[in-house]
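Please open the model in your viewer and keep the sequence panel beside it.

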Amino acid sequence: MTDLPTSPFPAFLVGLPVLLATLSLFFRARGKAVVGLAGSLLTGVMALFALFEVTRRGTVIHILGGWEPPLGILLRMDPLAAVFIGMTAVVGIFISLYAWRYFRAQEATTGGFPLFWPLWLFLWAGLNGLFLSNDLFNLFVTLEVIGISAVALAVLSGKKTALVAGLRYLLVAITGSMAYLFGVALIYGSTGTLDLGLLGQVLEPGTTTTFALLVITLGLMIKMAGFPFHFWLPPAHSSALAPVSALLSALVVKGAFYILLRLWMEVFGVSLTYAAGQLIGLAGAIAVIWGSWQAFMQTSLKLIVAHSSVAQLGYLLMIFPLLILAPGVTADSADWLSPAWTAGVYQVIAHAFAKASFFLSAGIIIMALGHDRIESLRDLVGHMRITALAIAIAGVSLIGLPPSGGFMAKWMLLKGIFLSGQWWWAPVVLTGSLLTAGYVFMLLRLAFAPAREKEAFRPVPRSLEVCALVLALGSFLIVLPADNLIQFLQSGEVFGTGIESIMEGGAHGND
Amino acid sequence: MSVLIDGLLAILAIYLALQSLLAPRLIKSVFLFFAFGLALALAWVRLGAVDVAITEAAIASGFLGVLFLDALRDFSPAFPAKQKNPEAAHNVLVKNNTKSLLLSRIPLGLGLGLFLLIALEAVWKTPEGGGLTAAAEAFLPESGVEHPVTAVLLNFRAYDTWLEIGVILMGLLAIFAVGGIKVYRKPNMAAQDPMLRQVIMFFTPVLFLFGAFLLYFGKTGPGGAFQAAVLWGAIGILLHLGGKSIIEEIPRWLRQLILTVGILFFLVLGFLFVAGGNALFEYPRAYAGLLILIIETLAAISIAAALTAIFANLNQMKEDPNETESIN
Amino acid sequence: METTSILPLLILISSLIPGTLIMLLREDQVPLRTFLNLLGAVAKVGLVGWVFAGYMRGEEYSFIFNLALDLTFALRVDQLGLFFAALSSVLWLVTTLYAIGYLEGGQHRRRFFAFFSFCVTASTGIALSGNVVTFFIFYEFLTLSTYPLVVHRGTDKAVEAGRTYLWYTIGGGTVLFLGVVGLFVTAGPIYFGQTEIIEGLISTHSTQLTILFFIMLTGLAVKAAIFPLHGWLPVSMVAPAPVSALLHAVAVVKAGAFGIVRLVYDVYGIRIADQMNLLTPLAIFAAFTIVYGSVRALFQDDFKKRLAFSTVSQLSYIALGVAIVGFLSTTGAVVHLVHQGIMKITMFFAAGNIAETYGYSKISQLNGIGRRMPLTMGAFTIAVFGMIGLPPVAGFVSKWYLGLGAVEAGSYWVVLVLLASSALNAAYFLPIVYRAWFCEPDQEAVPLLSSGRLETKALLLIPVVVTGLLSLAAGVFAAVAGSPLSIAREIAEKLYMP
Amino acid sequence: METYQIYNLTSAVLFVIGIGGVFAARHFIRKIIATIIMGGGVFLSFVSFAERDALTFADPVPHALVITGIVVAVASAAFALALARRIYQLTGEESFTNDK
């Protein structure tokens, strides 16, 4: 572990946004926005440099304070973390640009929400910290940084619905964190270490480990709005300001998923059974169907998009049953591990791009119409063709039609499902796609329909529409470097591994 | 004997926790919660965690309790001083609860009971991991401080602590984000109320000195930045209640500086180490003690200011959105 | 693998780029848009011709790009693909001209032409796909790019039709997706023509392969409008005439039919498919659809609806030809891909011309229209004769080969179906011809378009005449080298020779 | 039974009480209190392990973690309180109206 090359980048990835967020506090409204935007761009560029560093040097670490684990904390930037950080950077940059223009356009009436900027930079620092963290407790702290800043962003509009949804979100987030932390306490009590790498070696199966796994998983499921803990997500995401909704659903929920993936694959292999994988997969499957159906039934654009997040996150959970091998199957013979991992990573990235674009488009529509009831989308194509195009492209990626990133995810997921012989997940994937097609095309149908009465479309800055479109296109463009991306990910340790479960307890399997 | 004390304390804590959730009146809940915090603090002492006990008593029980009490001015139906018809308020609460109580709580209760059994089993069977005592002990001489908890907080795991200072600042920003904070000049009550003036005049130096003491001796014994910060924050809260809200009366740049100096200094110092080829928060050994003391002092100032501001802002929350002005 | 060439990619780009550029133009930049459109269309025809010539010299063109793991994007030129690509590109050129005339002064033309270009990109992509995955990618892309065309008019009826269209095609696409992934997992990445892969698996995975075949067939049958999955086709008649023409003659329905051809000949292989008894259900459904479509067409008064049901019927000739094993029926099926395309497009152009010029959309209004629009109706009449199967028009050739193939295979019931269909074709088309030429015209009919000396606008007239002549030529010169029939024979020979 | 075990068991009980409170309590303030009780349970677990693993002094790492945790929990609770008060000011609601 410690013979890996060290790099200062991980420290900067967390420190820089915090520094800029703090500095921005010294400025008044407009200055905050300027510093905030500059800070976002700087952080984004820094993250891309860091990603480049990892492609060049492989996994890098940063031993904070010079104290090696288990006493100290280690930041570890492996290819998986680098990809998540890079995704955050790209999506973050465009959302920042959008936010800058969006808030400036409303400055006169709302004051321009200057607090957005420090909170968003804190959130970004939290996300980077989470992706880099290699320490169970530090993950808790980053989760809290993310949780508080995310809720604060969500209630920024000050509207009643946003506040109520925000409080519910916050209480749920705290509950999730505390459940997670209880698991951490038990793990620490039984091993005396918090470092993920060390834990992977020393953790023994047993009642305590299983219980810790249970509460940690529950806590993280709550945070990532996995079924049946999805109830808080639609109101919170739909009532926030547009750039915030985009951040919340594109990035924030992915943080909890990332930890869940990491912990299951790197730490808790010993306690995982085939049934555990099936169970979490079932939760995902229900989320896919339920979320899509709910989205289909909504009548306001942001609620559709928010419910769709529940479904899309369900797909993420569906990779777990594929990663946990049935008793007797070895990781070497399981040829579906790489497709399943690819499906997971691509689902995360494609959803981030597409969903961000969707919410940004919704923001544009709200700006133009003053509300987001879908029947007012009639003749959207005639009024705002770029936004309509962005919705269409992002929607196509959500459905998983080729050649989008969503297609890549669904293809790999379905491939993994067939290769592993767990065919019972296949109808879920397809039904989910069809339902998604249902609500996406419901929107498009309206967009093409003639206007019944003259809707007053107020003019909207073109740059906003372009931001949404670029993100939508991004959900397609990410397919092009897929081969390189997967090779890069495979150079890391965790990508492509599976858990070999044995009937009693299990044994830790890495190939 | 000791088992008996611990057992009673444990039962007390559980009782208080349950009661604070079940008490029919809100004010009772809050006071029971206060008591619960103190019971926990006693438990920390029994477990030899004096630092935690101080933190718990000061922040979780004290500061938060004050916030809750202040909040009750809003949710006042059960607050005795203002309450007109306690019976009615009580009835409303009970009425609201009984119907759903029976329906929803039976499965919830069963589920929680089962969960509790598993949890107890898991906790009981926790194998001995050995902890990190030995490691901490081995590296303590190199940490620059003598008190192991301070060493962990500000050296071994300084990163967590730094983020945590950030969390407090964020908590303040988050409260701004909620909105509805009205900045208005409170009447200077201290001038009118000699009693209050005396209290402030007596407690300000005491709290300050005790805080400084905790801060300084955090190096060698229990105490440190957080505990000191709460005491200093208490000064701010007292002054605010007395009508002299220092955090709002100083110039804006100074206020922001005070609020951020802890996290900023910590971070910039860390970056300097990185620039010098070390890791973030990797102090040069010779100066570790001094630097930690400076960091702690500045952090304590920032945290105290943040706590004061959190209280002041919550205290000043008012409905009228038009007069909302972010003091930030 | 083989020499990589960007030529296949260029064929796609030649319509993709104009489409994208048109999207970015302003609505009022008409000359530039027209120029881009025609440039793309001509370039595509030229490129396809170039590749065709090269292919004839024995050169191989392929463009392969690895997406992720073993998921590969592959464009590869083979004879069948080129055949379809040639059809698409030529008819696109003609249709583009027609559309420019047809939509003159209409709304949202930027959007229309952009998606029109994307649609052709998708259909040439389908033609040039080298493997199943690439085929699927373009198959779905086609759905997406045609949707805005179907709803182009923006009326409630159009939007409703678009919804029906989408449910059918997305549903079909999802089913196909399932099949394609299943095939991928079972047999690995299959390039078209690698029938030996399935052959090698047949002993061990017989059941799976059978199931997968029918799953994929179902997915493809939606676009090929085989009963009972044809419902979208008559409904989507609300689209503007050029769209109907393109949808029915080249793009969508042919994508389905072409997919079936690929599936049977180049993925499973005709021998294996026959051996596994996969073709009999296809033949039965196709035969039923032929009769069913014709019968339904009899009762339509709406001109375009009658044409639509006729398409349903005619398309299944291709599926039927595929389903019958034998050199002759294969030839018939492949050549009908082209023949049906040029004949049907002629008919839609004619219907569009009449609707544009006189506003008639019902057959009962067509009395004497032939005297007013002799060229249009002349072309239409040629196409009708072809559809019925009268020599020397193109349709005769297809039916002749299909019939011979059926006899060769001993499936005499197919001959009966063909005869019945011809009789029905005559029954629903000849009345139109009769009305047009021999009934007294309505006195008060006044052209909506002022077209000078011509019967209608030149841009509307030229395409219909050209395609009408093409349908005649394809029949008359069937024996000449380079004719659709000769190429179809070559394709069939390659399938049965080795 | 050793001291740490008593508190360890207590920690589980408090944690479960807290969870129950978060879901079952109606008033905002009680929900917030419940989260703190949950946290109290978790922290108790940490600290009891520290006592168990004591050598010349108790394990300082859990102590430090708990101090951090308490501060974080208090920051969240203060924020939640601000939200609750604001909601009450704007709407007069003291609990989630559409809660079961």
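A residue is called buried if 20 or more other C-beta atoms lie within 10 Å of its own, exposed if 12 or fewer do, and partly exposed in between, with the C-beta atoms placed from the backbone. This is a predicted model, in which local features need pLDDT of at least 70 and side-chain atom pairs count only at pLDDT 80 or more, while totals for chains, interfaces and linings use all residues. Residues are numbered from 1 along each chain as its sequence is written, and chains are lettered from A and ligands numbered from 1 in the order in which they are written.

Start by selecting Gly130(B), which lies in the loop between helix H4 (86-124) and helix H5 (133-139) of chain B; helices (H or I, at least four residues) and strands (E, at least two) are DSSP runs, numbered from the N terminus. Gly130(B) has 18 C-beta neighbours inside 10 Å and therefore counts as partly exposed. Leaving out residues up to four places away in sequence, Gly130(B) touches Gly192(A) and Asp53(D), where a contact means that the C-beta atoms of two residues, placed from the backbone, lie within 7 Å.

Next, select the whole of chain A, which has 21 helices and four strands. Its C-alpha trace spans about 65 × 55 × 40 Å along the principal axes, and buried residues make up 73% of the 511 residues in chain A.

Within chain A, select strand S1 (residues 60-63) and strand S2, which run antiparallel and are joined by four bridges; two strands pair if DSSP finds at least two bridges between them. Val60(A) stands opposite Met77(A) in S2(A). Which residues cover the two faces of strand S2 (residues 74-77) of chain A? Leu74(A) and Arg76(A) are on one side and Leu75(A) and Met77(A) on the other, and all of them are buried.

Now move to Leu153(A), which, leaving aside neighbours within four places in sequence, is in contact with residues including Phe116(A), Trp120(A) and Val244(A).

Finally, display chains A and D together, where the contact takes 23 residues from chain A and 29 residues from chain D. On the side of chain A that touches chain D, the elements that give two or more residues are helix H6 (136-154) and helix H7 (160-191) of chain A, and H7(A) gives the most, with 17 residues.
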